[in-house]
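Dear colleague,

Here is the structure you are taking over. My notes on what was found in it follow below.

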Amino acid sequence: MTADGIGLSAESVVRLRLAIGRLNRQLVRASGDQDLTAAQLSALARVEQHGPLRLGELAAREGVAVPSMVRTVAPLVADGLVAKTPDPEDGRSQLLAPTPLGHDTLSRIRRERTALLARRSARLTPAQCRDLEAALPLLELLLEEPDTP
């Protein structure tokens, strides 16, 4: 905690950042045979979660510009992970939805990453598991907070 009692100490922030970053890299390696970039995987998961979506909607949800999303989605479509279909409400637009292969790919990646965390957590003591479970709502709060300078 900082001297004024607000937030984490600088050292704790660094340790948290390093731990999250390293764990994320290990999770990515756990599904290493997949050729998706982080942006492509995120877009595919977002389409699965909220789809079908227009490209502009997907870009907004991902917080990127439409041209960037075009470059992200093109390989997903080419690899058969995402399908484009005409938007029935606007003939000029297309909707993006995951294909069965896209669903299967996400399921496999999630299984592999979950298995890694399950193996790692099995090494913890029961007390450490309880501590980690108690910390989950706090970590989830960090995800929800808006980025403000």
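A residue is called buried when its relative accessible area is under 20%, exposed when it is over 50%, and partly exposed in between. By that rule Glu 62, at 18% relative accessibility, is buried. Please keep in mind throughout that this is a predicted model.

Salt bridges

The structure has five salt bridges. Three of them are described here.

Glu 62 pairs with Arg 46, and the closest N and O atoms of this salt bridge are 2.6 Å apart. The two residues belong to distant parts of the chain: Arg 46 is in helix H2 (residues 38–50) and Glu 62 in helix H3 (residues 55–62), a separation of 16 residues. Arg 46 has a relative accessible area of 25% and is therefore partly exposed, whereas Glu 62 is buried because its 18% falls under the 20% limit.

Arg 54 and Asp 87 form another salt bridge, with an N to O distance of 2.5 Å. This pair also links distant parts of the chain, with Arg 54 in strand E1 (residues 53–54) and Asp 87 in strand E2 (residues 82–87), 33 residues apart. Arg 54 is partly exposed, with a relative accessible area of 28%. Asp 87 has a relative accessibility of 5%, so it counts as buried.

Arg 108 is partly exposed at a relative accessible area of 22%, and Glu 112 is partly exposed at 24%.

Nonpolar core

The largest nonpolar core has 16 residues; Leu 36, Leu 44, Leu 58, Met 69, Leu 76 and Leu 96 touch the most other members. At least two residues of this core come from each of H2, H3, helix H4 (66–78) and H5. H2 contributes the most, with four residues.

What does Leu 44 touch, if residues up to four places away in sequence are not counted? Its contacts are Leu 36, Leu 76, Leu 81, Val 82, Pro 98, Gly 102 and Leu 106.

Thr 105 is a residue of helix H5. With a relative accessible area of 11%, Thr 105 is buried. Apart from its neighbours within four places in sequence, Thr 105 is in contact with Leu 36 and Leu 81.

The largest pocket holds about 1,600 Å³ of space. Its lining is made up of 31 residues, with Ile 20, Leu 23, Leu 27, Leu 117 and Leu 139 nearest the centre. Helix H1 (10–30), H2, H5 and helix H6 (126–144) are the elements that give two or more residues to this lining. Of these, H6 provides the largest share, eleven residues. By class, the lining residues of the largest pocket are 18 nonpolar, six polar and seven charged.

The second largest pocket has a volume of about 150 Å³. Leu 8, Ser 12, Arg 15, Leu 16 and Ala 19 line the second largest pocket. Three of its lining residues are nonpolar, one is polar and one is charged.

Other points

The peptide bond between Gly 51 and Pro 52 is cis, with omega at about -5 degrees. Pro 52 sits in the loop between H2 and E1.

Asn 24 is in helix H1 and is partly exposed, with a relative accessible area of 43%. How far apart are Asn 24 and Arg 113 in sequence and in space? They are separated by 89 residues in sequence and by 9.6 Å from C-alpha to C-alpha.

Regards

Key: Residues are numbered from 1 along each chain as its sequence is written. This is a predicted model: local features need pLDDT of at least 70, side-chain atom pairs count only at pLDDT 80 or more; totals for chains, interfaces and linings use all residues. Side-chain values use heavy atoms; hydrogens and water are left out. A salt bridge is a side-chain nitrogen of Lys or Arg within 4 Å of a carboxyl oxygen of Asp or Glu. Buried means under 20% relative accessible area, exposed over 50%, partly exposed in between (1.4 Å probe, protein chains only). On a 1 Å grid over the protein atoms alone, a cavity is a set of points where a 1.4 Å probe fits but cannot get out, and a pocket is an open set with protein on both sides within 12 Å along at least five of seven lines; lining residues have an atom within 4 Å of a point. Grid points are joined across faces, edges and corners, and a volume is the space filled by probe spheres set on the points. Ala, Val, Leu, Ile, Met, Phe, Trp, Tyr, Cys and Pro count as nonpolar, Asp, Glu, Lys and Arg as charged, and the others, Gly among them, as polar. A nonpolar core is a set of buried Ala, Val, Leu, Ile, Met, Phe, Trp, Tyr and Cys residues joined through side-chain atoms within 4.5 Å. Contact means heavy atoms within 4.5 Å.
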